[in-house]
Amino acid sequence: MEKKQENMQISVIGSGYVGLVAATCLAELGHNVICVDNDPAKIAALKAGETTIHEDCLQELLSRHRGTRLFFSTSIQESTRDARVVFIAVGTPSAEDGSVDLSFVESVVRSLAGSMNGYKVIVEKSTVPVYTSEWIENNLAPKGRAKREFDVVSNPEFLREGTAVTDFLYPDRVVVGASTERAAAIMREIYAPLVDGSYAQLSSAVPKPEKARALPLYIETSPRSAELIKHSSNAFLALKISFINAVANFCESVGANIEEVARGIGSDSRIGQDFLHAGIGYGGSCFPKDVAAFRAVTREFGFEFPLLDEIKRINEEQRLRFIGKVRSALRTLKGKRLAVLGLAFKHGTDDVRESPAIRVIEQLLEEKCHIAAFDPAAMDRARQVLDGRIAYASDPYAAADGADALLILTEWKEFANLDLVRIKRLLRSPIVLDGRNVFSHAEMAEAGLSYHSIGRPSLAPAHSLLKKGHIAG
Ligand code: UGA
């Protein structure tokens, strides 16, 4: 029987979104954690108490545990010496063909192979394709290293940017794919405070979000199933978004309203309301990469899964369709001055990786538009990508000043409170194209703005389509 440890010694390798949040939250659960990164500047910043990412509650938890239960290091060897469990949370970017580039994982595994000193559980936390746990095992035990010195476990992460800390501490489910009881028991011990609800009862606990489950499900599987759960979950969520976007496009053909349709579909408890918000498509560091990676791994195993291609195709088409709408609202794009609200890939984050907003802007720049943009959080990150090609406005009104149209590209709640009458006064032509359905037609009409959104008919009665002969009578 594995001796029960009060505080587990854990090493987390990688201090990106997943690694830093996991390390901090594991310390919050009472474990002793060392978080490792090979970027000395990042580690120096973290040692000095600065967060390197923008996440609610993270700074507070870092300050709470830094130097007592949470330490930072650049050395894998040093940080794993006393560790019973090593989480691998390094980046797994896309290779050119869409498959996962596992080179960062490989180099961590190589370092680990040289510094194993007794039984450890090696946990894959990064998103990786099925069979990676076997691959890690083979790389850790190349020349007859006793298999009993380690176990490899797949423990995918389901946190969302913006709510990463509460997603970790109050998850819907914890998925653990272990192939031995020894490793499974250690993993159960790590997550016990979450699964038995004792963490939530602490007076110091991060408050539980309203929508969180009373207690998370703890799902034990094989490592391969756990790996597949992660890819399939993200692909399914992306599918929901592409599906609703395709339905939204059809709503435009027949004069139906996607919000009414989505509400009607989503109230079937088997389907659910979440991820049925139509817009200009999904982005971020996960969905585009994971859909492509899932497709690549299915192909590698000779399995055809064209639905995954279709999810991606609809997503890309959604942006082009939106640009088509801007073109038809303005007649020509060349030389137009456009105000853009929103640069982040979604609200609540400063992340612009694979941001649909940035993609739309890049396309509009190719069409020779002039752009002034504003985002509540992502201006600095966007500057690193778009540099001097656009102007950066100090607020939404400065962006709108003198523009030929206003475009809303990220669903920030802040935008919903805009003074539309002021916007109308500032715009050169009173045109708003809302790629995220932040506003209603009624409020735009009241402000005297000509409004175009996704999958929602204008205030003109839908039966006018019948007269135009667009719908068979
Ligand atoms: C996503 C998943 O939601 C997490 O469960 C997962 O752990 C994470 O990827 C990951 O693999 O690390 P995240 O990328 O932070 O999380 O963002 P989401 O909140 O899922 O949004 C993704 C994109 O979909 C955004 O561009 C968002 O604007 C778009 N979206 C989302 C829609 O267009 N419509 C919706 O109804 C929902």
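What share of the contacts in the chain with a separation of 6 or more is accounted for by residues 24 or more positions apart? Please then turn to helix H2: which of its residues are buried, and what covers them?

Author: The model is a predicted one. Residues 24 or more positions apart account for 72% of the contacts with a separation of 6 or more. The chain contains 19 helices and 14 strands. Its radius of gyration is 25 Å, close to the 23 Å that the globule rule gives for 473 residues, so the chain is as compact as a globular protein of that length. The C-alpha trace spans about 75 × 50 × 45 Å along its principal axes, and 52% of the 473 residues are buried. The chain exposes about 21500 Å², of which carbon and sulfur atoms supply 52%.

Helix H2 comprises residues 40-47, and its buried residues include Ile43, Ala45 and Leu46. These three lie on the same side of H2, because they cover an arc of only 160° around the axis. Pro40 and Ala41, on the other side of H2, are exposed. The cover over the buried residues of H2 includes two helices, H1 (17-28) and H3 (58-65), together with strands S2 (32-36) and S3 (70-73).

The ends of the helix may be described in turn. After H2 comes Gly49, which has a positive phi near 90°.

How values were computed
Residues numbered from 1 in each chain as written. Predicted model: local features only at pLDDT ≥ 70, side-chain atom pairs only at ≥ 80, totals over all residues. Heavy atoms only, no water. Buried < 20%, exposed > 50% of the residue type's maximum accessible area, 1.4 Å probe, protein only. Helix = DSSP H or I, 4+ residues; strand = E, 2+ residues; numbered from the N terminus. Arc of directions from axis to C-beta. Contact = heavy atoms within 4.5 Å. Rg over C-alpha atoms; globule rule 2.2 N^0.38 Å. Areas by Shrake-Rupley, 256 points an atom, 1.4 Å probe, with all protein chains shown as cover.
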